[in-house]
Amino acid sequence: MGAHAPLLDVLVRSVGTLTSDFDVVELSQQLVDACTELTGAAEAGLFLGDHRGELRVLAATDERARWLVETVDGPTGQAYRTSSPAIVDDLAAATLVWPEFARHALEHGYRSTYALPLRLRTDNIGALTIFGAAPGALDRAAVRSGQILADLAAIGIAQHVLRPRVEPMQARLPVALQDRVVIEQAKGVLAERGDLDMTEAFDRLRAHARRCGLRMAELAGAIVVGRVDAAVVLATPAER
């Protein structure tokens, strides 16, 4: 079982989280962090389709990966639209299919991309995108591990937005994305007050939320409206 033990550990922790009143952004961040550790990838991001069908970040390990997926159409969009994996083992060879995406990805140091759909029954709600620093960065086993994490994320997101009424899943996804919008606002406040980049600001926010037993969106909202002093959050060391 040795090769599968790290994945099993992630699954056990995540299932334990899903049995309680959980923070969907924190769960998503744990899954993308685990994704890079399990697969050896450079970066990863979890993206949901909003009510217009545009992909928006729920969690990411790097701001560059987030910007690339949200701004430029590429494999993530294809995985989302088709509900099938979009595997690009060599981005240098993908310039004809996705010229703008491949160019920006290569400039950021990415050499391969693996976009895996977030599926729940008949609903296609987003995609997990994994970036490799070398061509062919993920083998078949690593891609399977990534899809397992994507499926687990879809279950967690669905549980978070579940409502006792019948309506399409896509109509309820803004409930999850609203949390991320508030977090982005708080990141901006912390980055400006602390002269930090956005990644460091997120790390401080996440660390303080964990320390105080708060959901990240709850803490972020309090920072935005001034109920929590940004200086107190900035004093919390980021977790690595």
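Student: How many helices and strands does the chain have?

Tutor: This is a predicted model, and its chain holds 11 helices and 5 strands. Buried residues account for 51% of the 240 residues.

Student: Which residues are buried in helix H3?

Tutor: In H3, spanning residues 63–71, they are Ala65, Arg66, Leu68 and Val69. These four sit on the same side of H3, because they cover an arc of only 165 degrees around the axis.

Student: And what caps the N-terminal end of H3?

Tutor: That's aspartate 62: one of its side-chain oxygens lies 2.7 Å from the backbone nitrogen of arginine 64.

Student: Okay, on to cores. What do nonpolar side chains tend to do in soluble globular proteins?

Tutor: They tend to be buried together. Here, the largest nonpolar core has 44 residues, and Leu46, Leu118, Leu128, Ile130, Ile157 and Leu190 touch the most other members. Helix H6 (residues 140–161) gives the most to this core, with 8 residues. Both domain 1 (4–163) and domain 2 (176–235) supply at least three residues each to this core.

Student: Which residues does leucine 128 touch, leaving out those up to four places away in sequence?

Tutor: Among them are Val32, Cys35, Leu46, Tyr114, Leu118 and Leu149, and the glycines Gly45 and Gly146 are on the list too. Apart from that core lies another, of 17 residues, including Val69, Val88, Ala94 and Trp98.

Student: What share of contacts between residues at least 6 apart in sequence joins residues at least 24 apart?

Tutor: It's 63%.

Note on methods. Residues are numbered from 1 along each chain as its sequence is written. This is a predicted model: local features need pLDDT of at least 70, side-chain atom pairs count only at pLDDT 80 or more; totals for chains, interfaces and linings use all residues. Side-chain values use heavy atoms; hydrogens and water are left out. Helices (H or I, at least four residues) and strands (E, at least two) are DSSP runs, numbered from the N terminus. Buried means under 20% relative accessible area, exposed over 50%, partly exposed in between (1.4 Å probe, protein chains only). Contact means heavy atoms within 4.5 Å. The arc is that of the directions from the helix axis to the C-beta atoms. A polar contact is a pair of N or O atoms within 3.5 Å; within protein, one must be able to donate a hydrogen and the other to accept it, and residues adjacent in sequence count only if both atoms are side-chain atoms. A nonpolar core is a set of buried Ala, Val, Leu, Ile, Met, Phe, Trp, Tyr and Cys residues joined through side-chain atoms within 4.5 Å. Domain bounds come from an automatic or database domain assignment.
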